[in-house]
Amino acid sequence: MSRTPDKRRNPSAKQRREAERVQQLHPLQQRQHPSAVPADHDRLSHINIYGALPDDYIDQPFICRNCGKREIWKARDQKWYYEEAKGHIDAIAVECHCCRKAGKSAATS
Ligand SMILES: [Zn+2]
């Protein structure tokens with residue numbers, strides 16, 4: 001595994017546009033997108049909702065609430081967050097990598 005961390009932190013305008021475009025697609029089209037990562041419902045048993053669990057994760061563009069930087073919450077990071085870290089399904093990325101890092105190392109009020 002040799003991913004360049006800088007590329008992950010700084011999605012190009014093209015990557016962001018593509019992620020924004022995929023948000024508008026029909027779920028069936030989203031599933032066929034190369035960035036889609038299938039969800040494992042067995043690992044989502046901690047999520048107690050009556051609605052449907054996601055079948056796939058797709059890259060989600062967002063704007064950091066802290067510094068206003070545009071970022072993408074990658075599908076594979078969502079999968080890790082929900083299935084490994086057992087995050088809440090309503091939780092969405094609101095801060096960029098840098099701000100989250102800064103927030104973690106600083107004492108939270
Ligand atoms: Zn930020």
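Aspartate 59 sits in the loop between β2 and β3.

Which residues does aspartate 59 touch, once its neighbours within four places in sequence are left aside? The contacts are Ala19, Val22, Ser35, Ile72, Trp73, Lys74 and Ala75. One of these, alanine 75, stands 16 residues away in sequence from aspartate 59, yet the two C-alpha atoms are 4.6 Å apart in space.

The chain has 109 residues, of which 11% count as buried. If we take contacts between residues at least 6 apart in sequence, 55% of them join residues at least 24 apart.

A word on confidence is in order. The mean pLDDT of the chain is 83, and 83% of the residues reach 70 or more. Where is confidence lowest, and where is it highest? The lowest mean, 57, belongs to helix α1, residues 5-9, and the highest, 96, to strand β1, residues 37-38. Where pLDDT is low, the predicted coordinates should not be read in detail.

Alanine 75 leads us to helix α4, which covers residues 75-84. In this helix, Ala75, Gln78 and Tyr82 are buried. Why do these three belong to the same side of α4? They cover an arc of only 55° around the axis, and therefore they lie on the same side of the helix. Arg76 and Glu84, on the other side of α4, are exposed. What covers the buried residues of the helix? The cover includes β1, β2, residues 56-57, and β4, residues 70-73.

After α4 comes lysine 86, in the loop between α4 and α5, the latter being residues 97-105. Lysine 86 has a positive phi of about 55°, although it is not a glycine. For comparison, most residues other than glycine have a negative phi. Lysine 86 counts as exposed because it has 12 C-beta neighbours inside 10 Å; the limit for an exposed residue is 12 or fewer.

We turn next to the strands. How do β3 and β4 run, and how many bridges join them? Strand β3, residues 60-63, runs antiparallel to β4, and four bridges join the two. Proline 61, for example, has isoleucine 72 in β4 as its bridge partner. Glutamine 15 and proline 61 are separated by 46 residues in sequence, but their C-alpha atoms are 9.2 Å apart in space. Glutamine 15 counts as partly exposed because it has 18 C-beta neighbours inside 10 Å.

Together, β3 and β4 form a hairpin, with six residues between them. In the turn, glycine 68 has a positive phi of about 80°. Is glycine 68 buried or exposed? Glycine 68 counts as exposed, because there are 8 C-beta neighbours inside 10 Å. Its C-alpha atom is separated by 9.8 Å from that of valine 94, which is 26 residues away along the chain.

Asparagine 66 is also found in the loop between β3 and β4. Asparagine 66 has 14 C-beta neighbours inside 10 Å, and therefore counts as partly exposed. Which residues are in contact with asparagine 66, apart from its neighbours within four places in sequence? They are Glu95 and Cys99. Asparagine 66 and arginine 100 are 34 residues apart in sequence, while the distance between their C-alpha atoms is 9.3 Å.

To close, I return to the starting point.

How values were computed. Residues are numbered from 1 along each chain as its sequence is written. This is a predicted model: local features need pLDDT of at least 70, side-chain atom pairs count only at pLDDT 80 or more; totals for chains, interfaces and linings use all residues. pLDDT is the predictor's confidence in each residue, from 0 to 100. A residue is buried if 20 or more other C-beta atoms lie within 10 Å of its own, exposed if 12 or fewer, and partly exposed in between; C-beta atoms are placed from the backbone. Two residues are in contact if their C-beta atoms, placed from the backbone, lie within 7 Å. The arc is that of the directions from the helix axis to the C-beta atoms. Two strands pair if DSSP finds at least two bridges between them.
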